[in-house]
Amino acid sequence: MLVRRILLACAVVAVLSAAVWSAQHDTEVRTTSASSPTTTTIAESTTIAAPPPTPGTTSATAPTVSVARTPRPPAPPPPGLGIGARGPEVLALEQHLSAMHYDPGAIDGVFDSSTAFAVVAFQKVTGMARTSRATDDVIAALQTATDPPPLVPSGGAGRVEIDVGRQVLFLFQDDTLWKIIPVSTGSGQRYCVDGECARALTPAGSYRVFQRQRGWQTSRLGRLYNPLYFNGGIAMHGSLSVPAYPASHGCVRLPMYEAEWFPSRVPNGTPVYVKNGPNAPVPFNQPAPDGTPPAQPPPTTAPPPETTTSSSTTTTTTKSFL
């Protein structure tokens, strides 16, 4: 019995000793682990900032792709001579136009609006495109051009011929063609004024200048410069707008620089022949500012009868046709 007790006691002591050693070992391991330095490897990264988002996009990180575009070459200048051109070529053009009875204004080697009007008048007479530019074909045509034939050969030594079809005016002095002027006549469009409606026409026929006014005159359709009345309220007059096509309410528009000298060459009583226009009455049967009614007989090609002439230098409000 004593021996068993001694063995049991030894076994208990052995177990306790093992437990104590195990506990001490665990403590040492934990202490060593806690005191050992930890090495951490941090990978260095480089951040590339994305470009700012394009307005209207929802992603701030989407890169903007730039597309290289080749710049367009400048448009080539229009062919021929035009407004702004200068030099001996322009001077030769102006001299040739003047010799052919067109009016380029000052013959100074500068292509200005007057030169352009003279070019477009030549283009109208010859049936060319009305560009107002002196292209190679225009200059070539000038070299061989001749005077256009008169519309009314026996119309009088001093007379005005208006070709509605070609939109030009021929001024004769001493029964010889003196000047060719571009004009703009009735557009043919319907229009209404003060509750009345009519069509913008420049009636064909034979007339005479019977009244004139100096300076700007005001009508219910606009303003007229130095008007010469020849058929009721229809007049030849200066205008700030003289396109290459029919655009007036019935009057015959002249370029402003032409209207400056034109009245001095066209006295009252001068025959005015309107050709290739409609056989129609004056719109609204409108009289002239002095009350002279428009012509009523059918148009003829004979010289029109003499009428009482009058003149006016005051600015009045009329119902003339621009």
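Two strands count as paired if DSSP finds at least two bridges between them. In this predicted model, strand β1 (residues 159-163) and strand β2 (residues 168-173) are joined by five bridges and run antiparallel. Both belong to an open sheet of five strands with mixed pairing.

- The edge strands are β3 (176-182) and β6 (205-208). Each has a single partner strand, so one side of each lacks a neighbour in the sheet.
- On average, neighbouring strands are turned by 20° against each other, with direction ignored.

- β1 and β2 form a hairpin, with four residues between the two strands.
- Glutamine 167 sits in that turn and has a positive phi of about 60°.
- Arginine 159 has phenylalanine 172 as its bridge partner in β2.
- Glutamate 161 faces another β2 residue, standing opposite phenylalanine 170.
- With strand β12 (residues 271-275), β1 pairs in the parallel sense, over four bridges.
- On the β12 side, valine 160 stands opposite valine 272.

**Burial of β1**

- Is β1 mostly covered or mostly open? It is mostly covered, with five of its five residues buried.
- Buried here means under 20% relative accessible area.
- In a regular strand, side chains alternate between the two faces of the sheet.
- In β1, Arg159, Glu161 and Asp163 lie on one side. Val160 and Ile162 lie on the other.
- Both faces are covered, and these residues are all buried.

- Helix α3 (residues 113-126) lies across β2 and β3. Its direction is about 105° to β3.
- Helix α5 (residues 256-265) lies across β1, β2 and β3. Its direction is about 150° to β3.

**Serine 113**

- Where does serine 113 sit? Its place is in helix α3 (residues 113-126).
- Serine 113 counts as partly exposed because its relative accessibility is 43%. The partly exposed class lies between the buried limit of 20% and the exposed limit of 50%.
- Serine 113 and glycine 84 are 29 residues apart in sequence. In space, their C-alpha atoms are 9.1 Å apart.

Key:
Residues are numbered from 1 along each chain as its sequence is written. This is a predicted model: local features need pLDDT of at least 70, side-chain atom pairs count only at pLDDT 80 or more; totals for chains, interfaces and linings use all residues. Side-chain values use heavy atoms; hydrogens and water are left out. Buried means under 20% relative accessible area, exposed over 50%, partly exposed in between (1.4 Å probe, protein chains only). Axes are lines fitted to C-alpha atoms, for helices over the stretch in contact, and angles run from 0 to 180 degrees between N-to-C directions. Contact means heavy atoms within 4.5 Å.
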